[in-house]
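Work through the exercises below with the sequence and the 3D view open. Try each task before reading its solution.

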Amino acid sequence: MQKVNGSGEFGLDVRGRGCFAPCLHDRPRWEPRRRASTTPPRAPVRGVIKVVPLSAGIAVVAKNTYAARKGRDALVIEWPAAPGPVPDTERMRADYHKLSLTEASLIARNDGDVASALRSGSAKHLEAFYEVPYLSHAAMEPLNCVADCRADRCDVWTGTQMQSPDRAAAASVAGLPPEKVFIHTTLLGGGFGRRASASSDFVREAG
């Protein structure tokens, strides 16, 4: 009912007193997390407070979300080259097709003596190849997290699927015992497993 009448609280709805709005420019591909080099914008963006390099990319901290996004878009970033060939959809499709024709492929069902029937020429031969594309698990709400870290307490608001690892991660970043960390689980806006991160990356980055 809360989702229907609009009263449900998602992560992006959380507003903390004195909190800034960071926006992360994530690395464009999956690879070992190496830092990128960043050239500041030629003209300052109003509302941007600072630019912070992170292992996952570059964070722009601003007074509000609009300024953070404008600041992120104004960055000139040189991403490090991938250490090896970058996989793409066409290459992976070709590799999977090739594997499906080898003996190493997984046979889901095998009725009768197909090989003998084909050799004898008495069987009708029907061959088909089926494939499905990679589909984006795009959530309605992007990854987000609000962290309020103080000397004796840390509160984290986020749409998470793994509260215990996130609590441990927040405790590690804040330098507090786990019992001093409180995870407030908001509505997810779609998870698909991405909010069940073993590394608790978006919680660590918020801290």
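**Exercise 1.** Is serine 200 buried or exposed?

Solution. The structure is a predicted model, in which local features need pLDDT of at least 70, side-chain atom pairs count only at pLDDT 80 or more, and totals for chains, interfaces and linings use all residues. Residues are numbered from 1 along each chain as its sequence is written, and side-chain values use heavy atoms, with hydrogens and water left out.

Step 1. Recall the classes: buried means under 20% relative accessible area, exposed means over 50%, and partly exposed lies in between (1.4 Å probe, protein chains only).
Step 2. Serine 200 has a relative accessible area of 1%, so the residue is buried.
Step 3. Find its place: serine 200 belongs to the loop between β8 and α6. Helices (H or I, at least four residues) and strands (E, at least two) are DSSP runs, numbered from the N terminus.

**Exercise 2.** Which value of phi does serine 200 have, and which does phenylalanine 192 have?

Solution. 
Step 1. Start from the general rule: most residues other than glycine have a negative phi.
Step 2. In serine 200, phi is near 50°, a positive value in a residue other than glycine.
Step 3. Phenylalanine 192 is not a glycine, yet its phi is positive, at about 60°.
Step 4. Phenylalanine 192 lies in the loop between β8 (181–185) and α6 (201–206). With 52% relative accessibility, phenylalanine 192 counts as exposed.

**Exercise 3.** Find how many salt bridges there are, and describe the one between arginine 93 and glutamate 131.

Solution. 
Step 1. Apply the rule: a side-chain nitrogen of Lys or Arg must be within 4 Å of a carboxyl oxygen of Asp or Glu.
Step 2. The count by this rule is seven salt bridges.
Step 3. In the pair of arginine 93 and glutamate 131, the closest N and O atoms are 3.1 Å apart.

**Exercise 4.** Describe the contacts of arginine 153 with aspartate 155 and with phenylalanine 182.

Solution. 
Step 1. Arginine 153 and aspartate 155 form a salt bridge through their side chains, at 2.6 Å from N to O.
Step 2. Arginine 153 is partly exposed at 35% relative accessibility, whereas aspartate 155 is buried at 8%.
Step 3. Now turn to the ring. A charge sits over a ring if NZ of Lys or CZ of Arg is within 6 Å of the ring centre and within 35 degrees of the ring normal.
Step 4. The charged end of arginine 153 sits over the ring of phenylalanine 182, at 3.9 Å from the ring centre.

**Exercise 5.** How many disulfides does a search of the whole structure find?

Solution. 
Step 1. A disulfide is a covalent bond between the sulfur atoms of two cysteines. The cut-off used is a pair of cysteine sulfur atoms within 2.5 Å.
Step 2. The search of the whole structure finds zero disulfides.
Step 3. Check cysteine 19: its nearest cysteine sulfur belongs to cysteine 149 and is 9.8 Å away.
Step 4. Check cysteine 23: its nearest cysteine sulfur belongs to cysteine 145 and is 14 Å away.
Step 5. By accessibility, cysteine 19 is partly exposed at 33%, and cysteine 23 is buried at 13%.

**Exercise 6.** Which residues make the nonpolar surface patch of about 370 Å²?

Solution. 
Step 1. Patches are made of residues with over 30% relative accessible area and no salt bridge; like charges are joined within 9 Å, and nonpolar side chains (Val, Leu, Ile, Met, Phe, Trp, Tyr) within 5 Å. The areas come from the Shrake-Rupley method with a 1.4 Å probe; for residues, only the protein chains shown count as cover.
Step 2. The patch is made by Tyr96, Leu99 and Tyr134.
Step 3. Tyrosine 96 is in helix α3 (residues 89–100), and is partly exposed with a relative accessible area of 49%.
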